[in-house]
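Hi,

Here is the structure I promised to pass on to you. Please open it beside this email, and my notes will follow below.

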Amino acid sequence: MKEQITNALSDFFFEYETPRQVLVRNRRVGVVCRLIQLGVLGYIIGWVFIYEKGYQSTETAISSVFTKMKGIGYTNVSGEERVWDEADYVFPSQGDSSFVVMTNYIITDGQKMGRCPELHGKKNCSSNADCEGGSFKRQMTGVCVNTTNTCEVLAWCPVEDDHKIPDPALLMSAENYTLFIKNSVTFPLFEVSRSNLVEGIDGAYISKCLYDPEKAPLCPIFRLGDIVKLSGFSFETIARVGGAIGIVIDWTCNFDVDVTHCKPYYTFHGLYGKSDEKDRAKASVGYNFRFAKYYLEDKIAKRTLIKVFGIRLDIIVQSLARKFDIIPTLTAIGSGVGIFGVATVVCDLVLLYLLPKREFYKNMKFKYTDTQTQPDRESLGLDPSVYYTFEANARQVQGTGQSNDRDSEAGSTETATYT
């Protein structure tokens with residue numbers, strides 16, 4: 001028992017097993033095998049390494065965006081002149097990565113809490129019975145006002161009349177407003193920080209530059225009219241009813257080269273606001289909201305209600321940095337080597353199941369053992385290597401005796417040898 005255990009341990013530690021291989025000389029199978037291997041090699045080099053860059057590790061950035069609008073707007077409505085600055089037309093306050101620039105508006109001055117008739121068309125009536133039932137869009141009092149034939153409501157009076165949107169937009173001068181964007185990104189894995197104020201972008205340059213995709217692609221100052229145009233919108237249309245535009249700052253960097261090559265790329269996308277036929281069919285077109293300014297007049301609370309139509313700007317940062325890493329490189333190589341096994345599987349299927357001499361190849365590939373019928377090599381007095389050579393020759397003769405393979409008829413030398 002001890003000797004058996006010792007032999008087993010000795011065999012386990014001091015012996016090496018390797019599978020027996022069969023070398024098949026067949027032109028068709030050889031061509032199929034090499035074509036598959038070339039395809040796998042092309043996939044590894046072309047797709048995994050060149051296109052997907054499987055030899056690099058990746059990282060996305062932590063980003064921060066700061067914005068500032070500049071420009072002065074001027075309006076003259078019914079002889080009332082007014083100048084609008086950044087504090088008047090930017091919502092919310094300065095600095096956010098998502099904000100609205102007002103381009104059109106409807107003002108309802110001097111509203112105070114009380115009772116007043118609803119607008120015509122909102123809730124028409126012929127008697128008080130038509131105004132019962134509490135609230136509609138506003139709190140109704142149950143009284144029908146005969147002068148307007150509309151229900152009386154408890155609300156901020158006079159009620160807002162937004163049936164007619166000013167056309168053209170009142171703040172068409174917004175087209176010349178400028179937007180300054182400051183963006184910083186950090187890639188913690190690679191310990192790299194970058195800003196869109198890259199090398200060469202200093203105070204002197206910023207004071208005179210204006211973004212242009214061809215002439216000044218790195219300038220961080222953008223004209224609002226150019227942003228709208230590059231997003232595919234018409235400024236006249238989007239300024240009248242409002243809309244949304246996305247500004248994408250793309251940081252795609254390769255840190256295998258100098259970090260100064262890591263620079264931002266700006267793109268502009270119209271998200272909402274086209275007034276084409278599809279948008280006209282929608283229930284709501286454009287972008288708008290309301291806000292109020294409250295004040296006291298003769299100790300009575302009043303407000304000025306402003307319905308704002310504007311361009312919503314959403315600044316979106318996309319980032320992907322890459323750098324060489326040995327671990328993904330070895331992983332990609334290992335997976336590629338494993339895919340090479342596909343060629344062996346396909347060729348084995350062709351050899352063992354499709355070719356006319358498939359029985360011969362099966363005999364050469366697999367060794368069958370039958371202890372009851374197979375003559376014992378020791379009883380024949382043969383050396384093991386001579387015995388297995390005799391057995392292989394016998395199977396080869398048996399397999400080739402009934403072959404009608406066209407490659408053999410053509411005079412090809414189709415043999416199988418063990419290596």
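Below are my notes on aromatic pairs and on one helix.

Please keep in mind that this is a predicted model.

**Aromatic rings**

Let me begin with the rings. The structure contains 15 aromatic pairs. Take W47 and Y51: their ring centres are 4.8 Å apart and their planes make an angle of 25°, so this pair is stacked. With planes under 30 degrees apart counting as stacked, the 25° of this pair qualifies. Both residues belong to helix α2, which covers residues 27–51, and they are four residues apart, about one turn of the helix. As for accessibility, W47 is partly exposed at 43%, while Y51 is exposed with a relative accessible area of 56%.

Now for another pair, F187 and F255. Here the ring centres lie 5.5 Å apart with the planes at 75°, so the pair is edge-to-face. F187 is in strand β10 (residues 178–187), whereas F255 is in the loop between β13 (243–254) and β14 (265–272), so the pair ties together parts that are 68 residues apart in sequence.

**Helix α9**

Next, a helix. Helix α9 runs over residues 341–353, which makes 13 residues. From its first C-alpha to its last it reaches 18 Å, close to the 18 Å expected at 1.5 Å a residue.

Which residues of α9 are buried? They are A343, C347, L351 and L352. Viewed down the axis of α9, the buried residues fall within an arc of 140°, so they line one face of the helix. On the other side of α9, V345 and Y353 are exposed.

What covers the buried residues of α9? The covering elements include β1 (22–24), α2 and α10 (358–365).

Notes
Residues numbered from 1 in each chain as written. Predicted model: local features only at pLDDT ≥ 70, side-chain atom pairs only at ≥ 80, totals over all residues. Heavy atoms only, no water. Phe/Tyr/Trp six-rings, centres within 6.5 Å; stacked < 30°, edge-to-face > 60°. Helix = DSSP H or I, 4+ residues; strand = E, 2+ residues; numbered from the N terminus. Buried < 20%, exposed > 50% of the residue type's maximum accessible area, 1.4 Å probe, protein only. Expected span 1.5 Å × (residues − 1). Arc of directions from axis to C-beta. Contact = heavy atoms within 4.5 Å.
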